[in-house]
Every structure is written in structure tokens, then in C-alpha cells.
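Here's a quick briefing to go with the model below. Have it open in your viewer while you read.

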Amino acid sequence: MSELVKLHYDVDGNDFSAAGEASMKIKKELRNLGFPQDIIRRIAIAVYEGEINMVIHADGGTADVSVGLDEIDITLADKGPGIPDVEKAMQKGWSTASEEVRSAGFGAGMGLPNMKKNTDEMEIETEVGVGTTIHMKVYVA
């Protein structure tokens with residue numbers, strides 16, 4: 001991968017209104033670099049879903065993006081509670097979000113499925129009590 005840009009964002013876990021800032025900044029940067037709109041949309045959705053999950057479940061985390069000519073690599077990492085059952089968490093509609101979070105319109109259980117749907121590759125590394133790291137890749141060419 002011939003690297004064009006490396007981006008890093010901290011995701012504040014205490015502020016739902018700030019969730020989405022990283023995805024908006026990444027979207028803007030990719031637009032400035034001339035990437036196709038469909039690629040930008042897919043990446044923005046995947047990162048946004050990850051940001052929301054970090055706010056809901058993990059008290060924040062980080063988003064790192066490596067932009068190359070042929071692919072865009074995304075790593076989302078947190079030090080939250082970890083995911084006890086990844087297979088279950090990948091099922092559409094399954095969620096451990098609190099009722100308060102759900103009543104605010106979040107936590108519908110579509111985050112991980114939407115992340116997988118909008119990327120070409122996705123790998124989840126998680127350990128209960130330690131945190132979760134999600135690696136995603138979107139091929140450009």
C-alpha cells in the first residue's frame with residue numbers, strides 16, 4: 001500500500017453529541033484527496049458506527065486511518081468491557097445498550113453488522129475486561 005495520509009482521532013466517551021466528529025473529519029479529508037463518493041460513504045458509515053459503539057459501551061477510544069492509493073485501513077480501539085460473544089454481537093438487532101441509550105435513538109444492534117457491510121474486510125480482537133480493537137479495510141482499486 002502506497003500511503004498518502006495517516007489520520008488519528010480520539011473519541012470522547014462522555015459526549016453523544018461529539019460522536020461522529022471523527023467520521024466527519026475523515027469524510028472531509030477523503031473528499032479533499034479526491035476519493036470516490038461511494039468509498040467515502042462506506043468509510044464514514046463504518047467509522048461512525050464504531051464511534052457510537054465506543055461512546056455507548058467503552059467510554060471512548062481511538063480511530064486511526066491509513067489512506068493509501070489502493071486501500072484504506074481503519075483501526076478502532078477502546079479499553080472498554082470487551083465483547084463477550086462476538087458471534088451474537090454480529091447479529092442484526094442484538095444489543096447490550098441500556099434502555100436510556102436506546103430511548104435516545106442509539107444502541108439498536110446494527111453497529112457491528114453495518115461496519116462489516118460497509119467494509120471489504122473486518123477483524124475483531126476483543127478480550128473481556130480489557131477492550132476491543134476492530135481492524136477494517138476498504139479497497140479502493
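Setting aside neighbours within four places in sequence, Ser23 is in contact with Ala44, Val47, Tyr48 and Glu51. Keep in mind that this is a predicted model.

**Ser23**
- You'll find Ser23 in helix H1, which covers residues 21–32.
- Ser23 has a relative accessibility of 6%, so it counts as buried, the cut-off being under 20%.

**The largest pocket**
- There's about 570 Å³ of space in the largest pocket.
- The lining runs to 32 residues, and the ones closest to the pocket's centre are Asn53, His57, Thr96, Gly111 and Leu112.
- Which elements each supply at least two residues of that lining? They are helix H2 (37–57), E3, helix H5 (111–117) and strand E5 (131–139).
- H2 gives the largest share of the lining, with 8 residues.

**Asp59**
- Asp59 sits in the loop between H2 and E2.
- Its phi is near 55 degrees, a positive value in a residue that isn't glycine.
- For context, most residues other than glycine have a negative phi.
- Is Asp59 buried or exposed? Asp59 counts as exposed because its relative accessibility is 54%, and the cut-off for that is over 50%.

**A nonpolar patch**
- Leu4, Leu33 and Leu69 make a nonpolar surface patch of about 250 Å².
- Of these, Leu69 belongs to the loop between strand E2 (60–68) and strand E3 (71–78).

Note on methods:
Residues numbered from 1 in each chain as written. Predicted model: local features only at pLDDT ≥ 70, side-chain atom pairs only at ≥ 80, totals over all residues. Heavy atoms only, no water. Patch = residues over 30% accessible without salt bridge, like charges linked within 9 Å, V, L, I, M, F, W, Y side chains within 5 Å. Areas by Shrake-Rupley, 256 points an atom, 1.4 Å probe, with all protein chains shown as cover. Salt bridge = Lys/Arg side-chain N within 4 Å of Asp/Glu carboxyl O. Helix = DSSP H or I, 4+ residues; strand = E, 2+ residues; numbered from the N terminus. Buried < 20%, exposed > 50% of the residue type's maximum accessible area, 1.4 Å probe, protein only. Contact = heavy atoms within 4.5 Å. 1 Å grid on protein atoms, 1.4 Å probe; cavity = no way out; pocket = protein on both sides within 12 Å on 5 of 7 lines; lining within 4 Å. Points joined across faces, edges and corners; volume = space filled by probe spheres on them.
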